[in-house]
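Please prepare a briefing on the structure shown here, with attention to helix packing, backbone geometry and an annotated domain.

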Amino acid sequence: MSASYDAAAVAALAGEPATWQDKALPPAFWGRTVTEILADQPRLSQLPTPLLTLSGPGLRHNVATMASWCTKHGVELAPHGKTTMAPALWAMQLEAGSWAITLANAFQLGVARAYGVSRVIVANSVISPLQLRWIADELAADPSFEVLVWADSVRTVELMEAARSAYVTPGARRLDVLVEVGGADGRTGARDAESALAVATQILESTTLRLAGVAGYEGAIAHGADEAGLEHVRSYLDVLAAVHTRLQEDNSYDADVVPVVSAGGSAYFEQVAQVLAPLGENGARVVLRSGAYIAHDDGYYREVSPLGSVPRTDGDRLVPAMHGWVRITSQPEAGLAIFDAGKRDLPFDEGLPEPQLLRPRAAGETVSKVEGMTVTKVNDQHGFLRFSPDGVAPLVIGDELRVGLSHPCTAFDKWGLIPVIDDPEADDPVVVDLVRTFF
């Protein structure tokens with residue numbers, strides 16, 4: 001059963017006024033609520049640059065595509081909400097059937113609780129006594145609330161048990177813990193099966209924790225879609241599956257626990273389903289945690305996603321649902337234009353922005369595709385656009401461009417309020433929503 005959320009709290013976001021803190025909006029919109037702004041059907045041309053926008057049709061397509069793919073392949077989805085930190089987008093994912101929302105730390109869990117998300121995976125170890133006490137209070141206050149956290153070492157479990165046993169009352173709900181399995185060159189996680197099983201044993205010996213399954217992150221195991229990288233991912237997933245199978249064979253899970261086996265970012269989820277989905281036939285709940293798919297991109301995920309430009313699985317392709325909009329502010333030398341967006345506005349860690357469209361310069365003109373231009377670097381607030389220095393420059397100061405972006409996880413965090421447009425290919429798209437983020 002999918003998790004629930006507080007629909008009234010999410011809807012109330014539309015009643016909050018925009019302010020000077022919302023850099024996506026012009027001063028004329030400050031002091032007006034989201035509902036009031038949208039009632040006038042504002043156009044993209046009324047918004048300043050630099051700007052990040054989302055595509056309404058693109059978001060809906062990606063959410064529906066991923067939900068359908070998971071159903072067909074016998075896995076649940078707990079999308080990584082840290083990608084967007086936007087309760088309104090979490091609501092879309094939950095309405096489409098997501099089993100939970102995944103987050104990365106206790107702060108993000110606090111946002112989820114504020115918007116009534118009923119089931120959360122915290123894909124991380126939580127060892128701060130203050131945070132563990134708060135989680136204990138939330139579990140005690142709301143019997144319908146479920147949270148699963150991770151542990152990858154005996155020491156981690158000892159710290160969690162010490163903090164909780166000194167605080168919770170006898171008989172209090174136990175905290176569900178997933179044993180985190182890692183891999184060579186990966187991120188966190190027990191590096192071999194025996195270490196992971198030792199963590200499970202420590203959980204079983206605790207009085208305030210409950211062994212709830214096994215989890216890991218394969219996205220740090222490889223960085224590309226070549227066959228060698230895919231094989232590395234599969235080998236890692238085999239170890240994760242083996243740890244769960246061993247725990248199941250040893251009757252380590254409580255009788256009332258449906259063990260969770262979870263992996264799956266947005267780059268290799270077809271590999272996860274291939275290796276782990278069969279565990280569902282023996283009682284496991286196999287859960288993907290893909291998050292970037294909701295926005296997809298014109299960079300890293302376009303190239304490596306199983307539903308990207310070179311698909312590795314069945315189903316509709318994902319589409320880029322986020323774009324940047326920039327304005328040329330300087331042409332200091334031949335073959336160079338400077339635009340008004342940089343590292344504080346657009347993602348750059350997995351590829352630089354990609355010039356795509358030139359917006360109309362005057363009434364009656366239409367958008368046009370751009371070619372022969374490359375973004376070569378970005379500063380804090382400036383981008384460097386190179387083109388041939390010969391002949392007439394293809395751009396003039398004041399021109400506005402749409403740029404494709406790479407890596408949603410470092411795009412949303414730069415914007416507190418993000419316009420959603422009806423058609424990113426249109427001459428002057430209509431703003432149909434404004435999505436609030438919490439970073």
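The briefing below covers these topics in turn.

This is a predicted model, in which local features need pLDDT of at least 70 and side-chain atom pairs count only at pLDDT 80 or more, while totals for chains, interfaces and linings use all residues. Residues are numbered from 1 along each chain as its sequence is written, and side-chain values use heavy atoms, with hydrogens and water left out.

**Helix α9 and its crossing with α10**

- Helix α9 covers residues 227–249 and helix α10 covers residues 269–276, where helices are DSSP runs of H or I with at least four residues, strands are runs of E with at least two, and both are numbered from the N terminus.
- The axes of α9 and α10 come within 9 Å and cross at roughly 40°, the axes being lines fitted to C-alpha atoms over the stretch in contact and the angles running from 0 to 180 degrees between N-to-C directions.
- That angle makes α9 oblique to α10, since angles under 35 degrees count as roughly parallel, over 145 as roughly antiparallel, 65 to 115 as roughly perpendicular and the rest as oblique.
- Residues L230, V233, R234, L237, D238, L240 and A241 of α9 meet E270, Q271, V272, Q274, V275 and L276 of α10, contact meaning heavy atoms within 4.5 Å.

**Two buried residues**

- L247, placed in α9, counts as buried because its relative accessibility is 3%; buried means under 20% relative accessible area, exposed over 50% and partly exposed in between, with a 1.4 Å probe and protein chains only.
- Leaving aside neighbours within four places in sequence, L247 is in contact with L197, A200, L211, V214, S252 and Y253.
- T33, in the loop between α1 (7–12) and α2 (34–39), also counts as buried, at 15% relative accessibility, and touches A14, G15, E16 and P17 when residues up to four places away in sequence are not counted.

**Backbone geometry in loops**

- Most residues other than glycine have a negative phi, and most peptide bonds are trans.
- In the loop between α2 and β1 (51–55), P50 is joined to T49 by a cis peptide bond with omega of about 0°.
- Q41, placed in the loop between α2 and β1, has a positive phi near 50° and counts as exposed at 57% relative accessibility.
- D185, in the loop between β6 (175–180) and α8 (193–205), has a positive phi of about 70° and counts as exposed at 66% relative accessibility.

**Annotated domain**

- An unreviewed UniProt entry annotates residues 321–422 as "domain: D-serine dehydratase-like"; UniProt positions are given in the numbering used here, feature names are shortened, and annotations may be inferred rather than shown by experiment.
- The span of residues 321–422 is 0% helix and 41% strand, and its end C-alpha atoms lie 11 Å apart.
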